[in-house]
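Work through the exercises below with the model open. Try each task before you read its solution.

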Amino acid sequence: MNILHYVTKKQEISPKLKKLKSLCDAESGDVDSTDSKASENGIEEADVLKSKECPASVCCRTVYNKEELEKRLSPAQFRVTQQLGTEKPFSGKYVKWKEEGVFNCIVCGTPLFSSETKFDSGSGWPAFYDVISKGHVLLKEENVGGLQRMEVKCRECKSHLGHVFDDGPKPTGIRFCVNSCSLDFRKHTTV
């Protein structure tokens, strides 16, 4: 066994990130996962649609047809948001972005991050120290190859955005490391 594998296998999600996950779940009112609520009611994930007929015990969200998304999104956007892909570092459109505005989910348009919380982490991906609303993101623990980390998804459509780490700047100490192609920027406009 390689020593790097051993060290990363022992790594756990930090208490700070576990607390952030709890806060996001609480703000959305979704303490249990939507998938488990749906499966308890015999409803497939693809059937959990945003509608008035949605069962009250199921947390409603928007679900998109994969074929429709493949046509609407670029290949990179589809790979990242629907297949858990990752852009190459320093290749994304928003890594050095400086304009003021809001970064929305590329799939459903949910407002996720403000340019006011964007910072240069040097990681090669856009980084934010907070979200617009904790209820807009879903944090999911993942274990890939023995490496434990926290995935960030759009809560509305469950699209993969990136990951969150506990090495960000003040005031939160959190770093949302997000793929540019999972975002759509909307500039602030003055009236």
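Two strands pair if DSSP finds at least two bridges between them. Helices (H or I, at least four residues) and strands (E, at least two) are DSSP runs, numbered from the N terminus. The model is predicted: local features need pLDDT of at least 70, side-chain atom pairs count only at pLDDT 80 or more, and totals for chains, interfaces and linings use all residues. Residues are numbered from 1 along each chain as its sequence is written, and side-chain values use heavy atoms, with hydrogens and water left out.

**Exercise 1. Trace the open sheet of 6 strands.**

Step 1. Write down the order: β3-β4-β8-β7-β6-β5. The pairing is antiparallel.

Step 2. Find the edges. They are β3 (118–119) and β5 (137–144), and each pairs on one side only.

Step 3. β3 pairs with β4 (residues 127–128) in the antiparallel sense, over 2 bridges. K118 has F128 of β4 as its bridge partner.

Step 4. V137 stands opposite C154 in β6.

Step 5. Look at the turn. β5 and β6 form a hairpin with 2 residues between them. In that turn, G145 has a positive phi of about 60 degrees.

Step 6. α2 (residues 15–28) lies across β5, β6 (147–154), β7 (160–165) and β8 (175–178). Its angle to β5 is about 140 degrees. Axes are lines fitted to C-alpha atoms, for helices over the stretch in contact, and angles run from 0 to 180 degrees between N-to-C directions.

**Exercise 2. Trace the open sheet of 3 strands.**

Step 1. The order is β2-β1-β9, with antiparallel pairing.

Step 2. The edge strands are β2 (111–114) and β9 (183–187); each pairs on one side only.

Step 3. From one strand to the next, the twist averages 30 degrees.

Step 4. β1 (residues 101–105) and β9 pair over 5 bridges in the antiparallel sense. V102 has R186 in β9 as its bridge partner.

**Exercise 3. Which residues of helix α5 are buried, and what do they pack against?**

Step 1. Set the cut-offs: buried means under 20% relative accessible area, exposed over 50%, partly exposed in between (1.4 Å probe, protein chains only).

Step 2. Apply them to α5 (residues 75–83). Q77, F78, V80, T81 and Q82 are buried.

Step 3. Recall the geometry. An α-helix has 3.6 residues a turn, so residues three or four places apart point the same way.

Step 4. Find the partners. The buried residues of α5 pack against α4 (66–72) and β7. A contact means heavy atoms within 4.5 Å.

**Exercise 4. How many aromatic pairs are there, and what kind is the pair of Y94 and W97?**

Step 1. State the rule. Rings of Phe, Tyr and Trp (its six-membered ring) pair if their centres lie within 6.5 Å; planes under 30 degrees apart count as stacked, over 60 as edge-to-face and the rest as tilted.

Step 2. By this rule the count is 8 aromatic pairs.

Step 3. Classify the pair. The ring centres of Y94 and W97 are 5.0 Å apart and the planes stand at 85 degrees, so the pair is edge-to-face.

Step 4. Check accessibility. Y94 counts as buried because its relative accessibility is 5%. W97, at 23%, counts as partly exposed.

Step 5. Follow the links. Ring pairs join Y94, W97, F103, F113, F128, F176 and F185 into a cluster.

**Exercise 5. Find backbone features in the loops.**

Step 1. Go to the loop between α5 and β1, where L84 is found. L84 is not a glycine, yet has a positive phi of about 60 degrees.

Step 2. F90 lies in the loop between α5 and β1. Its phi is near 65 degrees, a positive value in a residue other than glycine. At 54% relative accessibility, F90 counts as exposed.

Step 3. Move to the loop between β7 and β8, the place of P171. The peptide bond from K170 to P171 is cis, with omega near 10 degrees.

**Exercise 6. Where does pLDDT stay under 50?**

Step 1. pLDDT is the predictor's confidence in each residue, from 0 to 100.

Step 2. Take the overall figure. The mean pLDDT is 81, and 76% of residues reach 70 or more.

Step 3. Residues 1–9 stay under 50; the model has 6 contacts for them beyond four places in sequence. Residues 31–60 also stay under 50, with 39 such contacts.
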